[in-house]
Amino acid sequence: MSEADEAIKVLVVDDQELFRRGLTMLLGVESGIEVVGEASDGLEGTQLAAETVPDVVLLDVRMPKRSGIEACAAIKETVPSAKIIMLTVSDEEADLYEAVKSGAAGYLLKDSSIDEVSQAVRVVADGQSLISPSMAVKLIDEFKQMAKPEKQQLPGFRLTERELEVLRLVARGMNNREIARQLFISENTVKNHVRNILEKLQLHSRMEAVMYAVREKLLEIP
């Protein structure tokens with residue numbers, strides 16, 4: 001397989017032309033990353049995603065014609081394999097919650113360095129979620145507020161103690177490598193635990209698993 005075949009295909013969607021073009025140019029020279037297209041609004045981004053089938057979509061939260069949140073949900077429906085990183089100037093809780101609910105795998109502030117952006121692309125392409133510890137805390141707080149007594153049913157499954165440990169560390173914003181180091185296990189073992197957790201919860205992403213666990217009070221996070 002050639003290097004081009006192995007490259008992570010990225011679509012950039014942002015209505016700010018200078019930012020979009022700059023990001024496209026900078027990512028274009030990154031090893032193992034290929035920018036397959038760019039769009040200036042959510043509607044065009046959704047159409048282009050269907051045509052290019054990218055591995056990762058960098059998607060601005062606020063755009064004309066179709067917002068980033070709406071585009072995120074539409075792209076996930078059209079190209080389920082695409083991993084979406086939301087780009088924003090804001091770390092407001094509402095944006096974060098809506099992005100995750102719409103299927104985003106990551107949430108990145110626009111003042112992030114190109115190294116942080118390229119690393120984020122690689123992390124989500126590998127099937128991990130990308131969220132800073134501070135944002136993870138906000139997300140968890142949001143779901144604690146949303147938890148309602150009538151929803152506290154006993155789930156029809158049990159997570160093992162090790163799976164709960166992994167889930168707690170995911171909730172703190174740790175990636176697989178950091179979790180492996182913390183628990184003195186291999187990165188591959190962490191991936192297996194995360195996969196088992198998602199299967200048991202019948203969910204599609206790490207962040208969805210954390211949200212469900214907090215809502216159902218399956219783990220205590222201070």
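**Pocket, cavity and ring contacts**

Trainee: How much space lies in the second largest pocket?

Mentor: About 330 Å³. Keep in mind that this is a predicted model.

Trainee: Which residues are closest to its centre?

Mentor: Lys-76, Lys-83, Gly-103, His-204 and Ser-205. They belong to a lining of 20 residues.

Trainee: And which elements give two or more residues to that lining?

Mentor: Strand 4 (83-88), helix 10 (187-201) and helix 11 (206-215).

Trainee: How does the lining of that pocket split by class?

Mentor: Eight residues are polar, seven are nonpolar and five are charged.

Trainee: Switching to cavities. How many of 30 Å³ or more turn up in the whole structure?

Mentor: One. The largest cavity has a volume of about 40 Å³.

Trainee: What lines it?

Mentor: Leu-167, Val-170, Val-194, Ile-197, Leu-198, Arg-206 and Ala-209. Helix 8 (161-171), helix 10 and helix 11 each give two or more residues to this lining.

Trainee: Which helix has the largest share?

Mentor: Helix 10, with three residues. Helices 10 and 11 also give two or more residues each to the lining of the second largest pocket.

Trainee: What classes of residue line the cavity?

Mentor: Six nonpolar, one charged and no polar. Arg-206 is the charged one, since Arg counts as charged.

Trainee: Then what lies over the face of Phe-19?

Mentor: Lys-110, at 4.7 Å from the ring centre.

Conventions:
Residues are numbered from 1 along each chain as its sequence is written. This is a predicted model: local features need pLDDT of at least 70, side-chain atom pairs count only at pLDDT 80 or more; totals for chains, interfaces and linings use all residues. Side-chain values use heavy atoms; hydrogens and water are left out. On a 1 Å grid over the protein atoms alone, a cavity is a set of points where a 1.4 Å probe fits but cannot get out, and a pocket is an open set with protein on both sides within 12 Å along at least five of seven lines; lining residues have an atom within 4 Å of a point. Grid points are joined across faces, edges and corners, and a volume is the space filled by probe spheres set on the points. Helices (H or I, at least four residues) and strands (E, at least two) are DSSP runs, numbered from the N terminus. A charge sits over a ring if NZ of Lys or CZ of Arg is within 6 Å of the ring centre and within 35 degrees of the ring normal.
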